[in-house]
Amino acid sequence: MASKLGVFSSALVAMALASTGLPATAGEFDGVTVNVMTQTGAIQEPLQRRAPEFEKLTGAKINVIAVPFSDLYQKVLTDWASGTNSVDAAVFAPQWMVDYVAGGYLEDIGARVAKDKDIQWNDIAPFFRDFSSSYGGKTYLVPLDGDFHMLYYRTDVFEKAGLKPPTTWDEYLADAKALNGKDFNGDGTKGYGSCIAKKRNAQSYWFVTDVVGSMTQAKGTSQGTFFNTKDMTPLVDNAAFRKALDFLKESSKYGPPDELNMDVSDTRPLFTSGKCALNLDWGDVGVLAIDPATSKVIDKTGATIMPGSKEVLNWDTGKLEACTKDTCPYAIDGVNHAPYAAFGGWSGGINTKASDKVKDAAYAFYSYVSAPAQSNVDVTIGKTGFNPYRVSQLNYSDSWKTGGMSEKAAALYLGAIKDSLNSPNMILDLRIPQNQKYQQVTLDEAISRFLAGEIDEETTIKTISDGWKDLNDQIGTSDQLKFYKNTLGAK
């Protein structure tokens with residue numbers, strides 16, 4: 001990585017800072033310290049690396065406080081809600097924004113963005129600019145990353161086997177079964193047909209929605225996939241969710257023996273070391289696959305929009321029916337794809353209780369990190385956890401070339417991102433008050449127990465459905481329905 005990071009000499013950094021419309025003279029924020037909380041590891045890395053650059057040019061000290069992902073939501077909320085306010089700013093999941101906004105904890109940064117022309121706000125892809133950063137018509141977050149799930153596969157392994165990348169979940173399982181146990185690298189070791197993170201209390205609970213969503217949501221983003229927009233009934237006790245559970249359990253047969261204990265930080269190196277034929281993940285894998293220090297799959301990694309289904313759920317009967325022009329208006333070759341914007345992209349927000357000078361410094365730091373001069377490089381470095389989110393980053397450029405990505409690899413990787421972002425059937429992540437309890441607690445626990453064999457399928461369905469209904473009742477079903485429909489833009 002040294003060759004990439006070394007390009008930032010003091011002169012170049014100064015030029016980059018000036019290009020963002022930020023104060024280019026040292027001392028602007030002398031004596032100002034900004035405490036920024038985020039996730040340990042990836043995401044922490046680019047913030048910590050950019051902080052000294054920013055401090056040298058502005059005087060602001062950026063203190064990055066990193067905590068495990070499982071603790072991040074609650075630690076930020078507790079600090080702000082309790083009035084402790086030791087956290088001035090935080091980089092977190094946009095879907096959590098609703099809780100922070102409802103409590104009056106997040107600063108409206110719309111006026112700052114409007115004045116900051118050089119952040120090139122319109123270059124940020126519409127989904128991340130309009131959905132991930134905004135709520136209730138106001139702008140609260142600066143996007144620093146683009147997140148949604150894609151499928152990765154070994155191009156050489158598939159070509160040798162005479163297979164095409166799967167377009168449906170049934171094809172995924174068939175390919176995983178056919179390739180499992182094969183020697184992918186000619187080194188005498190057996191590979192795995194499928195690698196999917198399934199660890200509890202980690203980042204695995206999103207993957208079930210990839211599968212169920214392609215059967216539940218077929219008529220566009222505003223239809224939604226988590227609840228019935230008529231009455232907030234959970235879309236769980238049906239054939240689509242049962243098939244999604246079956247998929248996760250079946251895929252485990254073709255994965256690593258300890259897959260249930262693997263987070264994405266475990267499955268990613270498995271794929272890049274050449275041990276997986278198929279993988280589901282965020283955009284990180286495509287960039288990690290080009291790192292010469294660790295990757296054995298350089299120019300052997302393909303990427304596509306997530307698989308879909310030829311059957312979709314009849315919401316009234318709870319049964320699956322074959323796709324038709326009416327039921328699946330956005331189907332491609334008879335397959336309904338619904339790429340899932342899981343998480344939505346790490347974004348930076350500011351505590352309303354911070355002092356004005358600290359707020360200015362925090363916003364200026366986010367603007368600096370997000371500006372093309374910095375972000376166009378950071379999205380090409382696997383360890384940052386930052387994936388493409390600007391329109392300009394979706395075309396092959398010198399930044400990608402310098403980062404080590406060939407035009408061949410970029411065509412597949414950036415093509416899959418474009419196909420996903422351009423889909424009118426993109427699934428929006430759940431963004432209602434206390435969504436963390438719905439997904440990161442109730443859903444995660446039930447799915448994990450099911451995969452571990454602790455509970456059967458019907459108990460899993462009942463646990464999730466009842467848990468979500470109970471949360472609706474506790475928080476207020478009618479209020480939650482309003483939040484849900486407003487998020488989707490549903491009538």
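Modeller: First, a term. A cavity is a set of grid points where a 1.4 Å probe fits but cannot get out, and a lining residue has an atom within 4 Å of such a point. Keep in mind that this model is predicted.

Searching the whole structure gives five cavities of 30 Å³ or more. Start with the largest. It holds about 90 Å³ of space. Now look at the helices. Both α10 (207–216) and α18 (435–451) give at least two residues to this lining. The largest share comes from α18, with four residues. Next, sort the lining of the largest cavity by class. Eight residues are nonpolar, two are polar and three are charged.

Now move to the second largest cavity. Its volume is about 80 Å³. Here 14 residues form the lining. Nearest the centre of this second cavity lie Gly286, Ala289, Thr301, Ala409 and Tyr413. A strand and a helix take part. They are β9 (301–304) and α17 (407–421), and each supplies at least two lining residues. By class, the lining of the second largest cavity has 10 nonpolar residues, three polar ones and one charged one.

To find these places in the model, go to α10 and α18 for the largest cavity.

Methods
Residues numbered from 1 in each chain as written. Predicted model: local features only at pLDDT ≥ 70, side-chain atom pairs only at ≥ 80, totals over all residues. Heavy atoms only, no water. 1 Å grid on protein atoms, 1.4 Å probe; cavity = no way out; pocket = protein on both sides within 12 Å on 5 of 7 lines; lining within 4 Å. Points joined across faces, edges and corners; volume = space filled by probe spheres on them. Nonpolar A, V, L, I, M, F, W, Y, C, P; charged D, E, K, R; others polar.
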